[in-house]
Amino acid sequence: MAVVDPQQQSVPADANEHCPGTNSDQAGKASACEGCPNQSICASGPAAPDPALPQIAARLANVKNVLLVLSGKGGVGKSTLSTTLSFALAAEDDKPLQVGALDIDICGPSIPRMTGLVGEQVHQSNSGWSPVYVADNLAVMSVGFLLADEDNAIIWRGPKKNGLIKQFLKDVDWGHLDYLVVDTPPGTSDEHLSVVQYLAAAEPTTNVSAIVVTTPQEISLQDVRRELSFCRKVGIRVLGVVENMSAFVCPSCHKSSDIFPKGPRGGGEVLAKDFSVPFLGSIPIDPRIGRLCDYGESFVENFSEAPAARAYKEIVKGIRSALEA
């Protein structure tokens, strides 16, 4: 992840033009601060460093790679991609990989069901929160494990959600991981800004990068362009774009049909080219993916020769070649 100018990162969203930034010694005092709604707060002095950041850095010191699965659009299959990617990385044959899956979609936690862990609970020990294990080399953490009933609504404002994300990064005892896959909610808001800020504390020991997910149609692509713009602004390295639900491949005749036509400006591959980032691949629609996610089983392992499974394997190969070269 590239280094972001701390002054630029510390400018509030509702600040005046030419704001010196909350970290500046001119915060609340410069002429540009006149009339700003934040002036009195900024003038009271810079906030103290967050004491949790060194704890996060220490906790993630043994995590080699963090993969943020992002998209500006909801419904493009981020949770499906995060889960299937985690299963696929954990099943790699050439060398055993230690994999973690972290669900920070606080209001819509899907990962427990998709990994077959509904009803499991988090346990605490002297070393912190213990993640729930799908297999010896695949660990999972989600707010879903903290709910008395999986149908309970989580009605939280931003600060409380951000506090839980911080706690996940600070307190979960992942141990040694090759990959930590982070499933995120759609958008470019509180949760995304928080996780980027917290993960910055773990660098350069831990490599932080993003996979951006889209579907072919323009209504999805327009929001995903904003997500790629967000990544540029906050300095996250984008490993590549994945086009999900790119076509339907019939399991019987193997004929391909476009369910979601590509937008007038092109699909995911053109989008990746426009932003000068790699295109990791297209994943066709396969109804068995959704069925196995409902059952908490690995699609790639159960249908390894299906076109969608082969697409996932190519995406894993692209990720590993970029990060393990």
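Colleague: Which residues of helix α8 are buried?

Modeller: In this predicted model, the buried residues of α8 are Glu 218, Ser 220, Leu 221, Asp 223, Val 224, Arg 225, Glu 227, Leu 228, Phe 230, Cys 231 and Val 234. Buried means under 20% relative accessible area.

Colleague: What do the buried residues of α8 pack against?

Modeller: Their partners are β1 (63-70), α7 (190-200), β8, β9 and α9 (268-274). Packing here rests on contact, with heavy atoms within 4.5 Å.

Colleague: How do you know that the span of α8 agrees with its 17 residues?

Modeller: The helix covers residues 218-234. The expected span is 1.5 Å times one less than the number of residues. That gives 24 Å for α8, and its end C-alpha atoms are 24 Å apart, so the two agree.

Colleague: What follows α8?

Modeller: Gly 235 does, with a positive phi near 80°.

Colleague: Why is Leu 193 called partly exposed?

Modeller: Leu 193 is found in helix α7. Its relative accessibility is 45%. Buried needs under 20% and exposed needs over 50%. The value lies in between, so Leu 193 counts as partly exposed.

Colleague: Which residues is Leu 193 in contact with, leaving aside neighbours within four places in sequence?

Modeller: Phe 230 and Val 234. Both are among the buried residues of α8.

Colleague: How far from Leu 193 is Asn 162 in space?

Modeller: The C-alpha atoms are 9.2 Å apart, while the sequence separation is 31 residues.

Colleague: What makes β8 and β9 a pair?

Modeller: Two strands pair if DSSP finds at least two bridges between them. Six bridges join β8 (residues 207-214) to β9, so they pair, and they run parallel. Ile 211 stands opposite Gly 240 in β9.

Colleague: How many bridges join β9 to β11?

Modeller: Five, again with the strands parallel. Glu 243 has Ser 282 in β11 as its bridge partner.

Colleague: Why do β9 and β10 count as paired?

Modeller: They share two bridges, in the antiparallel sense. The cut-off is at least two, so the pair qualifies. Val 249 is bridged to Ser 256 in β10. Six residues lie between the strands of this hairpin, and His 254 takes a positive phi near 65°.

Colleague: What makes β9 mostly covered?

Modeller: Ten of its 13 residues are buried.

Colleague: How much space lies in the second largest pocket?

Modeller: About 280 Å³. Of its 19 lining residues, the closest to the centre are Val 118, Gly 119, Gly 144, Leu 147 and Glu 150. The lining divides into ten nonpolar, five polar and four charged residues.

Technical notes: Residues numbered from 1 in each chain as written. Predicted model: local features only at pLDDT ≥ 70, side-chain atom pairs only at ≥ 80, totals over all residues. Heavy atoms only, no water. Buried < 20%, exposed > 50% of the residue type's maximum accessible area, 1.4 Å probe, protein only. Helix = DSSP H or I, 4+ residues; strand = E, 2+ residues; numbered from the N terminus. 1 Å grid on protein atoms, 1.4 Å probe; cavity = no way out; pocket = protein on both sides within 12 Å on 5 of 7 lines; lining within 4 Å. Points joined across faces, edges and corners; volume = space filled by probe spheres on them. Nonpolar A, V, L, I, M, F, W, Y, C, P; charged D, E, K, R; others polar.
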